Amino acid sequence: MEQAITRTKWFFHPIFIFIFSTVALATSLILYIYWYMEVSTGLKEVAQKFNLDHGQLLESETWVVILILSILVGIILIGIFIIFVYNQKTIQLYRLQHNFINNFTHELKTPVTSLKLYLETFMKHEFSRDDQKKYLDYMVQDVGRLSENINRILNLARIESKIYGEEFVIVDLLSTVEQFITDNDHLFQNCIINTHNSSGRSFPYRINMSLFDMLLMNLMTNAVKYNKSEKPRIDIIFKLYHRRLHIRFEDNGIGIEKTEIKKIFKKFYQSGRADDMTARGSGLGLHLVQNIARIHKGKVVAQSNGRGKGSVFTVMLPFKF
Amino acid sequence: MKKVEKKRILVVEDESHIAEGLKLNLALQGYDVMITPDGVSGLDQWKKWQPDLIILDIMLPGIDGLSVLQSIRLENERIPILILSAKSAIDDKVKGLSYGVDDYLAKPFDLEELLLRIERLLTQASWYRKNGDSNGIESFSSERTYTFGGNRIDFELSVAYCKRGEICLTEQEVRLLKLFIANKGKPISRSKILGIGWGYTGSMATRTVDNFMVRFRKYFEVDPKKPVYFKSLRSVGYIFDHD
């Protein structure tokens, strides 16, 4: 399917179609005006020949006709342009989705393959208790990976269809974050995680607990996943700026290329190339994070000084104090 | 009865759980198994360890499985290779088969089926070994010589007959020529040429490819400044074509 798009002849390319139709339209406008002028001068001559006093009338009409023609052509041009832009967006989305299906097929099939392989092996052979435990452990990990992926898709579907389930409640953000860290310390075993709050106050905010947990989970597992340091480190800093609360998640991970910073929040976007599997995962995590922040009336911004220099994700929320 | 030497199987798979599961089962079947987690080390072990069969994943870090396959096929047409991939579309299978894979199984696969197919592939390979070819030369299966324009290449002798007379080709030149001939009329990117021809990745060494192209043009083109057969495509790579 993708090949069908890339392999079509160059003159079927949307940009060329756009340029062709624009040129055609411009030419036709010039021709309309030219012919109109010719016809009207012809008429004028006829009028003069028969001594009719229509010259004045025709003169003023010419400009009105040209004006109307230009406006109409302008509207058609805008129309073509809008269709062109939408078409480009559709193609882009199609590519992204293709990328997503490719990645996600791999992400879903790999644990299933592994599970099936070990189950069939167990049916076929007898193993010692130790071996059994080792392979069962693999299978548990695979099930974990599978359910994590399934959850991501389901969460995205829920957020996009705006079904959040639970109510919004007012809680203290600092203690929510700290609670989250203690609840999930098995995920961050080798990491140093610190929270900083120089203001010394609490930050009551209206949040949806399950969504906010999802946001924290994505930001913090990313900080650890894309990290090559011996001791991954996450600093979570709470700071107040004019009517805004900033929660900064600073890590010492692999950082983000400048050109990628804006793209990473796009749905299905994966840093790294899809074909050589430097890209892993669904390309949904940060898209989810951004959506969750929006549901909480805020936004998320990424900063990094480039590869190898760590990254900072800042959750910005409106906050009155 | 003479003790039969264990057949060697090389598994190129980056998912450690699957690789280990395969190793476990194949070892239980009585094969000698080695696992490599990426394309570069896969090619490396194929040369050093001389396996009897290769199980290959497509989506690998570094050089992808299809490039590994092409690279091996440039030198060895016979070794049975089985692709085990999550890509199950007909297009992917056709692509793999056109590059010369012997069998293609989609993940998740059936264990029994995989083991039987492997057994069959190894049996077939052993027939080849019995029937002749005792001189040990791995012949380039299809044709010994290849002609384009006024040039003729003899792959068996590694000699090119062209406008500059008779030229002895280096091993690397032969590999690249085979690669171009196998992909006649299709553009190949520099990094692909590098991956398949040399077995490594990275953008640093793509100059090497350009140097080889300069040499080929000197050998085979009437006017090396205006190449007809080895054309470069801007920001893509090279394309080899002729009537």
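How many of the 243 residues of chain B count as buried? The share is 36%. Keep in mind that this is a predicted model.

## Chain B at a glance

Chain B is built from 8 helices and 12 strands. Take its contacts with a separation of 6 or more: residues 24 or more positions apart account for 54% of them.

## The five-stranded sheet

One piece to look for in chain B is an open sheet of 5 strands, running β2-β1-β3-β4-β5 with parallel pairing. The edges belong to β2 (32-36) and β5 (103-106) of chain B; each has a single partner strand, so one side of each goes without a neighbour in the sheet. On average, and with direction ignored, neighbouring strands here are turned by 20° against each other.

Strand β4 (residues 81-85) of chain B pairs with β5(B) in the parallel sense, over 4 bridges. B:Leu82 is the residue standing opposite B:Asp103 in β5(B).

B:Pro108 belongs to the loop between β5 and α5 (111-130) of chain B. For context, most peptide bonds are trans.

## Helices α2 and α3 of chain B

How do α2 and α3 of chain B run relative to each other? The axes of helix α2 (residues 39-49) and helix α3 (residues 65-75) of chain B come within 10 Å and cross at roughly 25°. That is under 35 degrees, which makes α2(B) roughly parallel to α3(B). The crossing itself is right-handed.

On the α2(B) side, the contact is made by B:Gly39, B:Gly42, B:Leu43 and B:Trp46. Facing them from α3(B) are B:Gly65, B:Ser67, B:Val68, B:Ser71 and B:Ile72. Sort the residues of this contact by type and you get 4 nonpolar, 5 polar and no charged.

The loop between α2 and β3 (53-56) of chain B holds B:Gln50. Its backbone deserves a look: B:Gln50 has a positive phi of about 55° although it is not a glycine. Is B:Gln50 buried or exposed? With 10 C-beta neighbours inside 10 Å, B:Gln50 counts as exposed.

## Helix α7 of chain A

Over in chain A, helix α7 is mostly covered, with 9 of its 11 residues buried. The buried residues are A:Gly285, A:Leu286, A:His287, A:Leu288, A:Val289, A:Gln290, A:Asn291, A:Ile292 and A:Ala293. What does the covering? The cover includes α4, α6 (209-225), β6 (299-304) and β7 (311-318) of chain A.

The α4 part of that cover can be described in detail. Helix α4 (residues 129-160) and helix α7 (residues 285-295) of chain A have axes that come within 11 Å and cross at roughly 30°, and the crossing is left-handed. From α4(A), A:Asn155, A:Leu156 and A:Ile159 meet A:Leu288, A:Asn291 and A:Ile292 in α7(A). By type, the residues of this contact are 4 nonpolar, 2 polar and no charged. Three of the names to check here, A:Leu288, A:Asn291 and A:Ile292, are also among the buried residues of α7(A).

## Positive phi in chain A

Most residues other than glycine have a negative phi. Just after α7(A), though, A:Lys297 takes a positive phi of about 65°.

A:Arg243 is another case to inspect, with phi near 55°, a positive value in a residue other than glycine. You'll find A:Arg243 in the loop between β4 (233-241) and β5 (244-251) of chain A. A:Arg243 counts as exposed, because it has 9 C-beta neighbours inside 10 Å.

## Where the chains meet

Key
Residues numbered from 1 in each chain as written. Chains lettered and ligands numbered in written order. Predicted model: local features only at pLDDT ≥ 70, side-chain atom pairs only at ≥ 80, totals over all residues. Axes fitted to C-alpha atoms, helices over the stretch in contact; angles between N-to-C directions. Helix = DSSP H or I, 4+ residues; strand = E, 2+ residues; numbered from the N terminus. Left-handed = near helix turned anticlockwise from the far one by under 90°. Contact = placed C-beta atoms within 7 Å. Nonpolar A, V, L, I, M, F, W, Y, C, P; charged D, E, K, R; others polar. Pairing = 2+ DSSP bridges. Buried ≥ 20, exposed ≤ 12 C-beta atoms within 10 Å, placed from the backbone. Parallel < 35°, antiparallel > 145°, perpendicular 65-115°, else oblique.
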